[in-house]
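The following account guides the reader through selected features of a structural model. Please keep the sequence and the coordinates at hand while reading.

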Amino acid sequence: MRGTRNTSVKSSLSLIAAGLLVLTGCSAGGGGGAGAGDDSTLRIVYQKSGEGSPLDTLMQDVKTQFEAGNENVTVQLEPVEGSDEDYATRLALSQRSPDTAPDVFYEDTFKVRSDVDAGYLLNLDPYLEEWPDWERFNDGAKAAGVADDGATYAVPLGTDTRVIWYNKNVLEAAGVEVPWAPKTWDDILAAARQIKESQPDVVPFNMYAGTGTGEGTVMQSFYELLYGTDSQLYNEDQQKWVVGSQGFVDSLAFLKTLYDEELALTPAQALDPNIWQAVFGEYLPEDRMGGVVEGSYSPSFWQEGGMFEWAEYGDVMGVAPFPTQNGQEPGAVSMSGGWTLAIGANSQNPDLAFEFLTTAMNQENLLKYTVDNSQIAVRSDIADDPTYLESNPFVADVSEVVDVTHYRPATSDYPEISTAAQQATEAVITGERTPEEAAADYDAAVRDIVGADNVVEE
Amino acid sequence: MTAGTSTRPELGPGTGPGHGNSGRTGALWLKLLPLAPAIALLGIFLAGPIIFSVYGSFTNAALTGKNAKDPQFIGFENYADLFRDPNFPQSLWLTVLFVFASAIVGQNLLGLGTALLMNKATKAIAAVVGVCVVAAWVLPEIVAAFVAYAFFFREGTLNQLTATVGIAPVDWLFEHPMLAIILANIWRGTAFSMMVYQAALNDVPQEISESAMIDGAGGALRLWYITLPMIRRSIATNLMLITLQTLAVFTLIYVMTAGGPSRRSATLPVMAYEEAFRYSNIGYGTAIAVVMILIGAVFSVVYIRLLKEK
């Protein structure tokens, strides 16, 4: 626990240092030298979440393969250790100067559009036309790399979904029928109350809330609720943010019930940024939690070589799609994100960079990464591969909800609006605001962030 | 003209006799020449960043999105937004509270107290106390921050200690985040004040204090009428230094609470970081930094006044 905090703070510190450099206009590295200007060096920046993490392994492998095939080329790997947010900031800072901008980098799908606006990403259309494998990528995943101008700027590595992960031991002890398939929010509360009654020391059903867990709060909790109501977060047709929605209030009220009745973790625990590690590493394996909304990547923590190895997870855990509020169509809801590889707009070697990208994305390398990282496959020849299908017991279940999944509205205002939503959940679970008050605060914050012209009253 | 140069005889021979006027400018240049590197360094490393941040605070520069590519000059808009921002008064108040409670009151008084006691203590005790106090200060800020986090957090040392005497655990970082970071900053920074005051007290002549004692002045009176006035300058200098240091404390707070919960410990440095790096609004974050410079300047002016008073 301390270890990760340490890395995230260390990287925050380097961010600040980098920030100072930007603020003072002293760009590190200063022209030429070993930067992108060197014809035979490719700089690769990616996020490293620990020794031997799947992405790190992928990059090491590709470096070896690529250098073997291109004798004059040196691949310089520059992993960044830190949280998603710290990584995004660090990457953006390095992209502000052509001298420090990487050639190939790991890019979050929801940052693609705003980073294209910023001029950081290279238009890949001319390259993709001549890449035969591109046809094998599914259309939904391809869309994640498309910017407002219709061109593709990033190639997806994989995608993910969110479902309910429940502990069968806990549910069975409470007399809840397994396999569990809640049809409405009330079904979830009923089962949670049943668990509370039979096992007072167990956390019945956790959903993240508050700013501590950051994007996890909205992706693995709040949006599952909101997108399962009749309301929206963002009106795609009008390209405006929705305010004054009943669904927003209802979603907050659901979280309030969960926390007030002590069906979830305590508010203090919920605000701990590292609480997800306790959920994966302690609560679920020790039969101390009934269920949690988490990502399709959950098995990557439990399988062999994962952060919290747990041999029995396949037998003990079960998954269920998250239901809509009253069981309305389509009956279930999920959220998807995912990461891509992209090429720097100022890369001196775009051809070599693209070759590196396609090496990382070939069937063999991407298959290994998809399996190691418990990703949902984006290439058809991986989705059908038996290694992938048998990689963990839940591949079919978590892939099914792709039909009902949603993507975040990836505008450049999004991060701030997401924080406003996280703050609303925090105010409600700590009892500072009622759901109605917190929703009104959120509406005011959204109007402030995007301007009154860019919101639509529901 | 010649009088001008002759007042500085030591430079006379070097300025070239005969050409009075050019000789004088030459002298000035020569005098300034050795200072040039220092002035250049001051300009680049001290004035430069400040000027650049002030300029940055007038733009809508961003980390990503359209404004990253093409930042616009927007005048005072960031400042207007800042004064309308509902989070700003809270952060400002928390910053002032943090500086006042942890630096001006906590570090300063505790440092002075420790220094006075150590003056009276035996060498062995003074050495032990000195090592304990200075240890917290010698630790890198990040390490000190983790130590403080491990001390205050839910299952941390403090709650383990209180549990042994039967006191129910308190979630310090959640229920009293400001108190926790203030105490942590006092713990970390007291050594600095203590060392400043130790040095100052060593310069107070023993005779004055002794003669006051003969006149019948007690310990408290001597402290108030003799010692404190004599170390007044050190007090002002110390206050200025610890105020500016504390105003800029970021790592300690970010590690312990990250400004939470619900912004209840979000001081201005945390707010500036959030705006600049989390929400990508570099221009806006810089405006907050400039406001912090101004707050530091206000404190400094007060202390300089204090220093000048007779």
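The paragraphs below treat a sheet, a helix pair and a chain contact in turn.

This is a predicted model, in which local features need pLDDT of at least 70, side-chain atom pairs count only at pLDDT 80 or more, and totals for chains, interfaces and linings use all residues. Residues are numbered from 1 along each chain as its sequence is written, while chains are lettered from A and ligands numbered from 1 in the order in which they are written.

In chain A, an open sheet of 3 strands runs in the order β11-β12-β14, with mixed pairing. Strands (E, at least two residues) and helices (H or I, at least four) are DSSP runs numbered from the N terminus, and two strands pair if DSSP finds at least two bridges between them. The edge strands, β11 (322-323) and β14 (405-407) of chain A, each pair on one side only. Strand β12 (residues 332-336) of chain A pairs with β14(A) in the parallel sense over 3 bridges. Opposite A:Thr405 in β14(A) stands A:Ser334.

In chain B, helix α5 (residues 77-84) packs against helix α17 (residues 282-308) at an angle of about 75°, their axes being 9 Å apart. Axes are lines fitted to C-alpha atoms, for helices over the stretch in contact, and angles run from 0 to 180 degrees between N-to-C directions. α5(B) is therefore roughly perpendicular to α17(B), a term that covers 65 to 115 degrees.

The contact between the chains takes 32 residues from chain A and 29 residues from chain B, where contact requires C-beta atoms, placed from the backbone, within 7 Å. On the side of chain A that touches chain B, α1(A) gives the largest share, 9 residues.

Notes. Angles under 35 degrees count as roughly parallel, over 145 as roughly antiparallel, 65 to 115 as roughly perpendicular and the rest as oblique. Two residues are in contact if their C-beta atoms, placed from the backbone, lie within 7 Å.
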